[in-house]
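Visitor: I have a model open and I'd like to learn how to read its packing and interfaces. Could you walk me through a few features?

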4 protein chains.
Amino acid sequence: MDKIKVGILGATGTVGQRFVQLLQDHPWFEITALAASKASAGRPYGEVCRWKVSAEMPSAVRDMMVEECAPGLDCELVFSALPGEVAGPIEENLAIAGYFVSSNAKNHRLDPDVPLLIPEVNPDHIQIIEHQRRQRSWERGFIVTSPNCSVTPLALALKPLQDSFGLTTVMVTTMQAISGAGYPGLPSWDILGNIIPYIRGEEEKVEAESLKLLGRLEANEFQSAPIAISAQCNRVNTVEGHLEAVSVRLGRKKGTTPPTTEAVVEALRSFTALPQELELPSAPRQPIVVREEIDRPQPRYDCDQGGGMAVVVGRVRECPVLDYKFMVLGHNTIRGAAGGSILNAELLVAKGYLSA
Amino acid sequence: MDKIKVGILGATGTVGQRFVQLLQDHPWFEITALAASKASAGRPYGEVCRWKVSAEMPSAVRDMMVEECAPGLDCELVFSALPGEVAGPIEENLAIAGYFVSSNAKNHRLDPDVPLLIPEVNPDHIQIIEHQRRQRSWERGFIVTSPNCSVTPLALALKPLQDSFGLTTVMVTTMQAISGAGYPGLPSWDILGNIIPYIRGEEEKVEAESLKLLGRLEANEFQSAPIAISAQCNRVNTVEGHLEAVSVRLGRKKGTTPPTTEAVVEALRSFTALPQELELPSAPRQPIVVREEIDRPQPRYDCDQGGGMAVVVGRVRECPVLDYKFMVLGHNTIRGAAGGSILNAELLVAKGYLSA
Amino acid sequence: MDKIKVGILGATGTVGQRFVQLLQDHPWFEITALAASKASAGRPYGEVCRWKVSAEMPSAVRDMMVEECAPGLDCELVFSALPGEVAGPIEENLAIAGYFVSSNAKNHRLDPDVPLLIPEVNPDHIQIIEHQRRQRSWERGFIVTSPNCSVTPLALALKPLQDSFGLTTVMVTTMQAISGAGYPGLPSWDILGNIIPYIRGEEEKVEAESLKLLGRLEANEFQSAPIAISAQCNRVNTVEGHLEAVSVRLGRKKGTTPPTTEAVVEALRSFTALPQELELPSAPRQPIVVREEIDRPQPRYDCDQGGGMAVVVGRVRECPVLDYKFMVLGHNTIRGAAGGSILNAELLVAKGYLSA
Amino acid sequence: MDKIKVGILGATGTVGQRFVQLLQDHPWFEITALAASKASAGRPYGEVCRWKVSAEMPSAVRDMMVEECAPGLDCELVFSALPGEVAGPIEENLAIAGYFVSSNAKNHRLDPDVPLLIPEVNPDHIQIIEHQRRQRSWERGFIVTSPNCSVTPLALALKPLQDSFGLTTVMVTTMQAISGAGYPGLPSWDILGNIIPYIRGEEEKVEAESLKLLGRLEANEFQSAPIAISAQCNRVNTVEGHLEAVSVRLGRKKGTTPPTTEAVVEALRSFTALPQELELPSAPRQPIVVREEIDRPQPRYDCDQGGGMAVVVGRVRECPVLDYKFMVLGHNTIRGAAGGSILNAELLVAKGYLSA
């Protein structure tokens with residue numbers, strides 16, 4: 001088929017660069033527009049972008065002229081890597097103008113008519129799109145969002161537990177890589193040999209977004225999952241990969257015993273979902289890889305699993321307070337950002353919301 | 001007064017070096033014996049010890065001859081920085097021979113007749129010493145122990161909460177510095193830009209030792225505190241200072257509300273205990289420093305608080321699952337190791353168990 | 001004596017904070033003014049300054065009101081920690097207004113009538129001050145400068161070699177800590193597990209400033225030292241301490257042999273100069289510490305030598321290309337910045353240029 | 001063609017693992033033997049090897065039984081990743097038994113009848129093999145060696161300069177990654193936020209091996225290149241990639257001027273040699289990549305250039321002491337170790353010394 005023309009908003013930032021990198025040989029999508037701030041507009045991408053995700057910028061984008069983040073972009077679909085300070089109205093204006101918007105920004109994630117989407121977790125939430133269009137009187141455009149980078153691995157790991165056993169309580173402590181803060185992000189002085197036990201707004205996002213993702217869509221209303229969740233978020237001295245220590249209480253009835261460790265591991269390991277069934281181009285064959293070594297997952301070794309699109313779980317064991325505890329790791333700028341939004345767009349294509 | 005002669009077992013290791021450093025100008029103690037493995041015995045300390053805790057080895061110990069870890073050491077009190085593989089019988093042999101043993105090794109911490117001691121937390125546990133001597137038919141010698149380096153800051157922070165409000169549940173995720181693994185400890189290849197989500201035996205120690213520390217001594221039996229506790233322990237890329245994310249449920253009666261955040265902070269901040277009252281030389285004026293900044297404590301800035309003998313708490317806030325959550329940081333080789341054992345010995349002196 | 005009132009320009013930056021820290025208990029100087037950008041002026045220092053050099057800001061400055069960097073400051077002497085973008089005219093205006101300016105900024109370092117000063121290296125260069133005043137028609141005020149942070153340890157190590165043997169050629173490769181770039185300075189993304197083989201303007205500074213420092217003042221003109229010098233400057237992943245690999249050719253006559261390694265070491269180790277003779281408060285007892293271990297100096301261990309005011313040399317050995325090579329380390333924000341400027345001011349006091 | 005059976009000596013170490021990784025899909029070679037110390041022999045590779053070079057060990061070797069490093073291995077060619085403490089006699093014994101040995105160990109590099117080989121630099125040195133066999137009365141087996149990991153990028157960068165302009169003097173300061181020390185290698189305590197300005201034997205290797213590589217083979221004797229060379233070697237806190245600051249004097253006649261910067265860059269960039277001409281499987285298309293950015297090469301971005309087989313040069317500029325200075329970076333465990341030895345073996349195959 002002809003490829004679908006796509007644009008990238010915020011193309012010069014680190015998540016924007018990941019979009020460029022992941023889309024450069026995409027079978028369904030073709031980058032035809034790169035947009036950024038006014039300061040960059042009108043100049044070649046290779047000149048305004050300080051390329052930071054690998055040794056070399058793909059040659060195909062080097063000479064593309066950066067445009068402003070506004071209607072007029074030559075594409076059908078835009079991926080948004082905009083910072084939260086500006087993303088909200090820009091994304092709306094593009095949707096109004098008829099663009100399909102797959103956003104990684106925080107602004108619309110919790111809107112009552114916008115899907116917050118992980119295709120393995122809540123693919124049915126895309127059904128709200130029609131309602132969104134009606135509500136907003138948008139004829140063609142719409143907005144879908146992908147979650148915060150620390151939410152994605154957590155929600156992916158929780159999903160099979162919720163499906164198989166029910167889930168009532170989640171405690172999570174994150175150890176997040178510096179790339180999650182963008183560029184320039186954290187001053188090196190702050191993080192070398194150090195930990196920052198605070199990331200602005202992050203704990204609230206982990207709590208609220210997880211409940212929307214694991215909740216249900218009923219009669220065009222999102223019902224948050226009935227789960228008690230508490231997050232503590234830390235920035236540590238790693239480059240890529242958010243590692244999270246999770247404890248869960250499973251939703252059994254009173255008086256019954258929780259499942260065995262083997263059953264929990266099996267539920268995680270055997271989990272596949274719609275993206276795997278549809279064989280979406282960016283879907284990892286196995287969304288959750290469970291490692292048996294006592295000391296995994298580790299960010300430096302494991303964050304690239306499945307091309308950075310799988311999450312890695314390890315150390316599944318009983319918790320003396322809740323039922324089970326485990327570690328989960330996800331690549332924060334691939335699965336947790338650009339890759340997640342691309343997978344969302346692939347689902348939309350597969351479901352007929354977009355076509356070339 | 002004349003100083004009490006002390007020896008250091010395992011004097012060439014990193015914790016042993018901390019003992020040397022902290023004892024070099026101690027008002028009550030004087031290093032008169034340095035002991036290590038057979039391979040080092042008979043040679044000058046300055047020659048066998050690869051000094052690693054600061055720029056220069058104190059000149060007073062440079063020419064001291066290293067001895068074997070066995071009776072015959074010219075001292076009354078020995079501090080043990082021995083590794084767990086060998087500490088058990090060596091410490092016993094010295095106690096049998098009449099030495100007072102203040103150990104930082106894990107071996108005897110959970111013995112039913114050995115105090116596991118933090119002077120601010122459970123100073124009354126030293127009363128078991130008489131029972132220990134009787135049980136073991138030791139005339140004069142005895143063993144007291146200090147807890148694991150990740151336990152000390154946790155137990156110190158929990159103590160005022162237990163005292164003021166009661167405490168039923170503790171969840172903790174640690175981010176521990178590399179110095180906690182000794183020297184050579186972790187290969188740099190394993191930890192640069194990485195996290196190891198596993199430390200052998202650590203989670204079990206955190207859980208068991210905390211309960212003994214917060215428990216009661218009744219009729220010469222230790223009663224573990226009736227607290228549900230769960231720990232997840234991680235090694236991160238910091239040099240000194242174990243940082244821990246803690247959530248607690250306070251022990252209120254059903255139907256009553258938990259205390260306010262202000263009350264929790266006040267309980268932590270105003271906490272002082274016997275070491276402060278007795279003005280023990282190594283006791284920090286304020287054992288728990290509560291910082292109000294949103295992003296503290298941080299290992300690189302805060303681990304030296306109170307000469308490394310205070311712990312630093314921050315981010316006290318409500319927990320959606322339990323009652324409160326907060327961060328706590330302790331210097332792992334000072335308060336969490338050598339400094340803790342020295343403070344224990346100071347308490348013993350103040351209480352008349354030792355004298356010069 | 002009464003203390004001399006001093007102000008700090010650029011007091012909220014990292015070098016400014018070092019000035020505050022080093023001056024807090026100074027025997028001769030008392031901080032009476034803190035100045036920074038307009039955005040900070042009029043607000044308490046404790047509010048506008050993100051304190052980064054240690055756990056806690058000295059309480060004495062917390063409530064001091066920050067002022068603008070302009071005449072009107074209540075002090076006689078100002079230390080300048082201003083960035084090069086603004087330092088030039090501000091320092092001049094203050095000198096015009098009669099202030100004594102001891103600057104760490106780059107702007108006036110190479111001015112033909114301004115001393116670039118290391119008190120152990122070229123104390124006689126202060127004699128240009130009278131000429132400076134005349135040239136600029138300044139009645140009372142003047143400017144003295146301290147060198148770039150990577151120049152100071154180099155020049156200190158070269159001075160005794162120049163004095164003892166003569167010096168014709170210097171090759172230096174620096175490995176500089178992140179603190180040298182100020183705050184926020186380097187993004188962590190750029191430097192974690194990485195090296196940046198370039199620091200803007202640094203190589204030129206190393207070359208030009210070293211030659212002025214080691215040169216002579218004759219008839220109110222600075223004569224650059226007749227030395228060929230080449231620098232390669234790198235930013236590495238360390239917190240404090242610039243480490244430099246140096247090779248030198250000594251200035252012997254043709255046909256004669258270079259001095260022995262022992263003679264070179266002895267020249268370095270025995271070096272003392274005017275600040276030591278005058279017992280200036282910030283002068284290290286021994287300006288150059290030579291370590292004999294094969295693997296020193298190391299930044300983490302050795303940069304605090306002499307309170308950060310000594311430099312540490314190691315690995316003195318023959319060079320197959322030039323005559324000798326060695327490593328030298330200096331604390332870049334103490335000796336290489338704030339501490340250096342304070343020592344300069346102490347020299348001026350001792351020489352009668354300032355008094356309380 | 002049928003693949004040539006190869007074995008790996010020291011297969012469980014980090015360089016051994018790189019051999020396994022790089023050979024897993026090699027077009028000419030097939031791993032048929034894995035050998036290591038007696039302690040590992042007789043057990044499956046997947047069990048004795050702590051795999052450290054990527055997330056997962058190739059499945060093909062997981063169940064291979066590890067053997068002793070002695071004749072009896074089922075292969076024609078052995079790659080040696082043995083440590084210097086044991087490599088010497090083991091490699092000789094295998095050569096005596098008829099094996100072709102391509103070694104990365106230091107032991108035989110400077111032997112007068114053993115080629116120290118970089119195929120782009122001195123491919124003609126393999127002609128000594130016949131002499132080696134005669135000298136040692138070996139009928140079939142022989143030994144070829146690849147240089148130290150810090151020598152390879154240096155020698156590659158120097159070769160086109162030597163060819164184009166002549167070369168008389170080299171000064172080099174290295175900043176070497178921790179992987180160069182093997183596993184466990186450097187304790188993390190030693191290198192976090194630190195630099196170790198010493199690597200045992202390294203400076204001597206850089207100096208001696210470079211001169212052999214750039215020298216000539218005449219009448220079965222190696223003539224060291226007539227170059228004065230001086231090296232300073234440092235271990236820094238990077239994971240992979242040795243970065244080196246180099247200054248050179250080119251070999252022009254007295255009174256003539258050195259070439260222009262452009263000519264130097266062009267000589268480096270346009271350099272190709274026999275491996276490129278022969279299209280050896282592991283040969284990078286362009287052995288020396290010259291980057292024009294002012295701040296490259298950087299280890300984290302650039303060490304994988306050409307699959308880790310190219311070296312990256314940057315910052316070519318005039319040197320005030322010698323003629324030119326520049327930075328060069330090479331992947332130390334690929335081009336500087338396993339990949340280098342594999343390329344050597346490929347050259348031997350192409351030249352008919354080995355065949356399947």
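Guide: We'll take a helix pair, a strand pair and then the chain contacts. This is a predicted model, where local features need pLDDT of at least 70, side-chain atom pairs count only at pLDDT 80 or more, and totals for chains, interfaces and linings use all residues. Residues are numbered from 1 along each chain as its sequence is written, while chains are lettered from A and ligands numbered from 1 in the order in which they are written.

Visitor: How do I read a helix pair?

Guide: Two packed helices are described by the angle between their axes and the distance between the axes. Here, helix H1 (residues 14-23) and helix H12 (residues 334-350) of chain C have axes that come within 9 Å and cross at roughly 55°. That makes H1(C) oblique to H12(C). Axes are lines fitted to C-alpha atoms, for helices over the stretch in contact, with angles from 0 to 180 degrees between N-to-C directions. Under 35 degrees is roughly parallel, over 145 roughly antiparallel, 65 to 115 roughly perpendicular, and the rest oblique. Helices (H or I, at least four residues) and strands (E, at least two) are DSSP runs, numbered from the N terminus.

Visitor: Which residues of H1(C) and H12(C) make the contact?

Guide: H1(C) brings C:Val15, C:Arg18, C:Phe19, C:Leu22 and C:Leu23, and H12(C) answers with C:Ile334, C:Ala337, C:Ala338, C:Gly339 and C:Ile342. Contact means C-beta atoms, placed from the backbone, within 7 Å. By class, that's eight nonpolar, one polar and one charged. Ala, Val, Leu, Ile, Met, Phe, Trp, Tyr, Cys and Pro count as nonpolar, Asp, Glu, Lys and Arg as charged, and the others, Gly among them, as polar.

Visitor: And strands?

Guide: Two strands pair if DSSP finds at least two bridges between them. In chain B, six bridges join strand S1 (residues 4-9) to S2(B), and the two run parallel. B:Gly7 stands opposite B:Ala33 in S2(B). Six of the eight residues of strand S2 (residues 29-36) of chain B are buried, so S2(B) is largely enclosed by the rest of the structure. Buried means 20 or more other C-beta atoms within 10 Å of a residue's own, again placed from the backbone.

Visitor: How many residues do chain B and chain A each give to their contact?

Guide: Chain B gives 35 residues and chain A gives 35 residues. On the chain B side, the largest share, five residues, comes from S10(B). That side divides into 18 nonpolar, 12 polar and five charged residues.

Visitor: What about chains C and D?

Guide: That contact takes 35 residues from chain C and 35 residues from chain D. S10(C) supplies five residues, the largest share of the chain C side.

Notes: Contact = placed C-beta atoms within 7 Å. Buried ≥ 20, exposed ≤ 12 C-beta atoms within 10 Å, placed from the backbone.
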